[in-house]
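Please read them alongside the sequence and the coordinates.

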Amino acid sequence: MAQDVPEGCWSTAEVDDRASNVQSVFGYGSLIYKSEFDHSHCEVAYIDGYVRRFYQGSIDHRGTADRPGRVVTLLKVDVDEDAKYEPGPARVYGMLYHLRAETRTEVLASLDFREKNGYTRTVEEAFASDGKPLGCVAVYRATPENPQYAGPASPRSLGEHIAGCSGPSGPNPEYVFRLAEALKTITPDDATADRHAEAVSQSCRAAISS
C-alpha cells in the first residue's frame, strides 16, 4: 500500500463499526468484472432499497484532479429523485465474494485502499438471485456527503463528460462499457434492467463517435 494517494483522496476508505467483521463483499461496479483479490467463491446477489448511479467523482482510478471521471455509487431510493421513474423494486444486482478466513483481513485492507476516494465500508443485507437471504455483507458506498461526490446529471451529460476522462486505472469509457456489459450477464431475465447504466453507456459511445 505504498502507492501514491492523489491530493483530495482519503488515505483509505472509512469503515463502519458494523463492517469490521464481515465475511463477504458485495461488488456493484468494477468489482463485478475485476476481482483481483483472494476469495473462496462468488455468486450473483442483490441488495434492496438502492439504485446504482454514476454520481461519484474519480480522481484516483478513472480520472484526475483536473478532470475527475465518474464511477458508480449506491444511493438510497429516497435520495435519488429519478428512482421513482424506474419500474419495479429498487434493487441492485452485483457479485458477492465470499472471503477466506486466512486472507480476509488482508483482502479488506486492500479493498479499503482501492475504495479510498470517498467510499465507506458499511453493511447491507444481501440476497441470492433466487431470493435466499445471505445475511449482512460488506458494501462500499460513497454517500452524498463525501468530498468527491459529483452529484446528479443526465445520462447524456454523464456520457459526454466520461468520454473525455482517463486516469491511472484506464479510460473512463472502458469502465462504463465493461460495467454495462457485465450487468447484462448477471441480471436475471425477469428483473428490471439497470436503465441508468445502459443510458450512460449509450451516451458515452455516441459522444466518442461524434
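1. Asp38 sits in the loop that joins S2 and S3. The model is a predicted one, and the comments below should be read as comments on a prediction.

2. The relative accessibility of Asp38 is 29%, so the residue is classed as partly exposed; the band for that class lies between under 20% for buried and over 50% for exposed.

3. Leaving aside residues up to four places away in sequence, Asp38 is in contact with Leu99, Arg100, Thr103 and Val107. Two of these contacts can be described further. The Asp38 side chain makes a polar contact with the side chain of Arg100 at 3.2 Å, and another with the side chain of Thr103 at 2.7 Å.

4. His39 is placed in the loop between strand S2 (24-27) and strand S3 (41-48). A polar atom of the His39 side chain lies 3.0 Å from the backbone oxygen of Phe37. With residues up to four places away in sequence not counted, His39 touches Tyr97, His98, Leu99 and Arg100. Leu99 and Arg100 are also among the residues touched by Asp38.

5. Which residues does Lys116 touch, not counting those up to four places away in sequence? They are Val5, Pro6, Cys9, Trp10, Ser11, Thr12, Ala13, Asp60 and His61. Lys116 belongs to the loop between helix H1 (104-114) and strand S7 (120-128). Its relative accessible area is 4%, and Lys116 is therefore buried, the cut-off being under 20%.

6. Now the helix pair. Helix H3 (residues 172-186) packs against helix H4 (residues 195-209) at an angle of about 140°, and their axes are 9 Å apart. H3 is therefore oblique to H4; an angle would have to be over 145 degrees to count as roughly antiparallel. The crossing of H3 past H4 is left-handed.

7. On the H3 side, the residues in this contact are Pro173, Val176, Phe177, Ala180, Leu183 and Lys184. On the H4 side they are Ala197, Glu198, Val200, Ser201, Cys204, Arg205 and Ile208. Sorted by class, the contact has nine nonpolar, three charged and one polar residue.

8. Asp38 and Val200 are 162 residues apart along the chain, and their C-alpha atoms are separated by 31 Å. Asp38 is in the loop between S2 and S3, while Val200 is one of the H4 residues that meet H3.

Definitions and conventions: Residues are numbered from 1 along each chain as its sequence is written. This is a predicted model: local features need pLDDT of at least 70, side-chain atom pairs count only at pLDDT 80 or more; totals for chains, interfaces and linings use all residues. Side-chain values use heavy atoms; hydrogens and water are left out. Axes are lines fitted to C-alpha atoms, for helices over the stretch in contact, and angles run from 0 to 180 degrees between N-to-C directions. Helices (H or I, at least four residues) and strands (E, at least two) are DSSP runs, numbered from the N terminus. Angles under 35 degrees count as roughly parallel, over 145 as roughly antiparallel, 65 to 115 as roughly perpendicular and the rest as oblique. A crossing is left-handed if the near helix is turned anticlockwise from the far one by less than a right angle, and right-handed if clockwise. Contact means heavy atoms within 4.5 Å. Ala, Val, Leu, Ile, Met, Phe, Trp, Tyr, Cys and Pro count as nonpolar, Asp, Glu, Lys and Arg as charged, and the others, Gly among them, as polar. A polar contact is a pair of N or O atoms within 3.5 Å; within protein, one must be able to donate a hydrogen and the other to accept it, and residues adjacent in sequence count only if both atoms are side-chain atoms. Buried means under 20% relative accessible area, exposed over 50%, partly exposed in between (1.4 Å probe, protein chains only).
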